[in-house]
Amino acid sequence: MKKLAFYGKGGIGKSTTVSNLAVAFAERGLKVMQIGCDPKADSTLALRGGAPLTSVLDLVRAKQPFDLQDMVRIGYKDIVCVEAGGPTPGSGCAGRGIITALDKLRDYGAYETYHPDIVLYDVLGDVVCGGFSMPMRGGYADQVYILTSGENMAIHAAANIAMALENFKDRGYAKLGGFILNRRNVKNEDAKVQELSEDFKSQVIASLPHSELVTDAEELGKTVLEAFPNSDMAEAYRNLAAAVLREDAVC
Amino acid sequence: MNTSYRIIPCYTGDVSGVCSALFELGGMVVIHDPSGCNSTYNTHDETRWYDHDSLIFISGLAEIDAVFGNDQKLIDDTVDAALNLHPKFITLVNSPIPYLNGTDFEAICRIIESRTCIPTFYIPTNGMHDYVPGAGAALAEIAKRFVSVPEGKKPGSVNLLGVTPLDFAADGSAESLRETVERAGFSVHSCWAMGDSLETLSHSGEAAVNLVVSAMGLPAAKVLRERFGTPYVAGTPLGSFSETVFASMRRATETGENQFPLLERLNQTDSGIFAIGEPITMGSVLAAMELPGTVLCPLEHCESLLNKNTLAVVGEEEAETMLKNAKVVIADPLYRPILPKGAKLIELPHEAFSGRCFRKTMKNLFTIDYDALRKEASL
């Protein structure tokens with residue numbers, strides 16, 4: 001089982017990219033589990049075709065007995081969808097919530113029951129606290145991929161995440177698999193992201209073009225691979241999946 | 001509010017449970033906390049400080065280190081102390097602040113172990129549970145990490161599991177338990193964890209049977225069962241009930257099956273007789289008194305010990321409701337204020353409930369005259 005975590009600045013397109021990646025893996029015949037680690041609980045929307053999914057923390061909050069099946073929704077291409085959820089907006093601790101949700105999944109035997117070939121952790125924004133570093137800790141992800149564009153704020157967030165991995169290298173945490181450039185078509189975009197990757201002795205494993213098909217698919221409540229399977233953008237996601245599998249094999 | 005405590009105290013916490021279980025094993029226990037958990041343990045939950053030394057430390061977590069997630073002070077201080085004191089193992093114990101911060105104890109343990117070459121492990125407490133999960137997890141970790149694979153079983157030998165002052169506080173209790181079991185013809189291989197060293201415990205795989213005398217010992221019994229196939233018996237050999245427990249131990253040895261002699265205990269749900277506390281000891285007390293009654297169990301991680309005779313109770317309000325028709329209650333004296341008018345209380349002080357309040361009158365459960373106690377309870 002490969003476990004991969006995806007980080008990056010809020011709004012950079014993590015959930016969209018991870019969901020398309022999940023479908024690309026599934027197209028290769030792999031069993032995929034996608035776990036949204038964000039209080040908004042919207043990571044797997046495009047995989048569920050509008051079907052509801054109660055987040056793990058909403059189940060915990062209800063203080064009623066629940067089963068593993070209650071935490072999960074089987075989505076497009078049999079992708080196992082999970083949303084960690086979070087506390088009431090404006091209160092509680094979202095980071096602690098992520099830990100609690102991931103602990104529940106482990107305690108309820110999610111990985112043993114569904115036997116995924118690949119687990120994708122789609123993690124909110126930056127590594128702002130201990131909770132949001134949970135998916136990169138020992139026993140969780142083996143590799144971390146950081147999404148960024150050439151925008152300065154996105155690069156700054158990406159550098160922070162890479163720095164966290166660097167700081168934790170004696171703790172047996174996940175390794176940096178590489179950077180994924182999600183283009184915003186800003187000036188010198190390739191050069192800036194290339195420089196970032198070199199600063200961390202890493203590499204840009206894929207470059208995703210800016211495409212209106214992404215928002216068109218979002219309007220349809222689907223991934224690009226489902227809505228426009230023959231498009232260049234779908235092919236870009238498939239190429240990303242191939243690159244991730246290559247990188248993972250190398251590491 | 002129906003699970004809150006207005007009148008009676010709550011039970012000793014999970015942090016103290018870990019410390020109590022590991023106190024005599026030569027390890028170093030570090031509670032990562034500003035200091036509150038430390039003072040509760042030392043002041044109320046530990047009876048052995050006057051006679052024994054033990055390496056129980058508090059990290060002295062500072063507010064600013066908690067805010068910034070500075071784990072380095074914990075790591076450096078623990079490594080420094082360990083290199084000076086040479087403990088047999090290092091245990092890190094969590095508390096509310098680092099729990100909510102999401103401090104990665106597993107990773108910190110790996111770093112400390114790599115710097116000290118001393119086995120280091122984490123017991124996942126958070127100060128929000130009672131002593132049974134804490135002590136149970138600590139003893140289970142010992143069973144996983146330190147008990148070696150035996151060359152064979154020693155017939156007639158037994159490990160006593162779940163023995164700490166939190167449930168057996170009266171002076172001489174552990175010795176009395178050991179003598180009681182040996183008088184019945186068994187050889188006590190080890191006692192978890194009073195009176196025996198880590199080295200002795202490490203040979204526990206040789207025992208023919210495990211006797212779980214409190215819920216604290218159950219997780220370790222399950223580990224030893226899984227690792228070495230050793231069957232266990234859940235019961236405390238008290239008074240006339242001892243013979244039933246010993247018969248169960250012989251049956252477990254012969255059949256290889258776990259035994260639960262408390263299920264055979266007299267039952268009459270409307271008897272008005274209740275015992276409150278740790279389910280194995282209090283069930284055994286009722287059995288020794290030969291009284292039909294119900295055990296109310298306010299402790300966590302005891303689900304597998306619940307049955308028609310032993311009911312879970314959560315919070316003071318539920319306890320009051322369940323006790324509303326009680327005629328006789330065997331419990332710690334601090335339960336008196338929530339008993340119905342006219343109910344008779346047979347006082348059995350419980351360290352994990354009232355701490356040092358009744359230490360001078362603490363009774364040795366293994367030397368109580370249960371016939372006399374039954375007469376005292378006579379309706």
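**A buried arginine, an enclosed cavity and the chain interface**

In this predicted model, B:Arg48 is buried, because its relative accessible area is 4%, under the 20% that marks a buried residue. The residue is placed in the loop of chain B that runs between helix 2 (36-45) and strand 2 (55-58). When residues up to four places away in sequence are left out of account, B:Arg48 touches B:Ser20, B:Phe23, B:Glu24, B:Pro165, B:Ala193 and B:Met194. With B:Ile276, by contrast, the C-alpha to C-alpha separation of B:Arg48 is 25 Å, and the two lie 228 residues apart in sequence.

Cavities were examined next. Four cavities of 30 Å³ or more are present in the structure, and the largest cavity holds about 180 Å³ of space. The lining of this largest cavity is made up of 20 residues, of which B:Asp167, B:Leu348, B:Pro349, B:His350 and B:Leu365 are the closest to its centre. Sorted by class, the lining of the largest cavity comprises 11 nonpolar, four polar and five charged residues. Because residues of both domain 2 (145-262) and domain 3 (264-376) of chain B contribute to this lining, the largest cavity lies between the two domains.

At the interface, 11 residues of chain B are in contact with 11 residues of chain A, and about 790 Å² is buried between the two chains, 43% of it on carbon and sulfur atoms. On the chain B side, the residues that lose the most area to chain A are B:Gly102, B:Asp104 and B:Ile111, which together account for 44% of what that side buries.

Terms used. Residues are numbered from 1 along each chain as its sequence is written. Chains are lettered from A and ligands numbered from 1 in the order in which they are written. This is a predicted model: local features need pLDDT of at least 70, side-chain atom pairs count only at pLDDT 80 or more; totals for chains, interfaces and linings use all residues. Side-chain values use heavy atoms; hydrogens and water are left out. Helices (H or I, at least four residues) and strands (E, at least two) are DSSP runs, numbered from the N terminus. Buried means under 20% relative accessible area, exposed over 50%, partly exposed in between (1.4 Å probe, protein chains only). Contact means heavy atoms within 4.5 Å. On a 1 Å grid over the protein atoms alone, a cavity is a set of points where a 1.4 Å probe fits but cannot get out, and a pocket is an open set with protein on both sides within 12 Å along at least five of seven lines; lining residues have an atom within 4 Å of a point. Grid points are joined across faces, edges and corners, and a volume is the space filled by probe spheres set on the points. Ala, Val, Leu, Ile, Met, Phe, Trp, Tyr, Cys and Pro count as nonpolar, Asp, Glu, Lys and Arg as charged, and the others, Gly among them, as polar. Domain bounds come from an automatic or database domain assignment. Buried area is the accessible area (1.4 Å probe) that two parts lose on being put together, summed over both.
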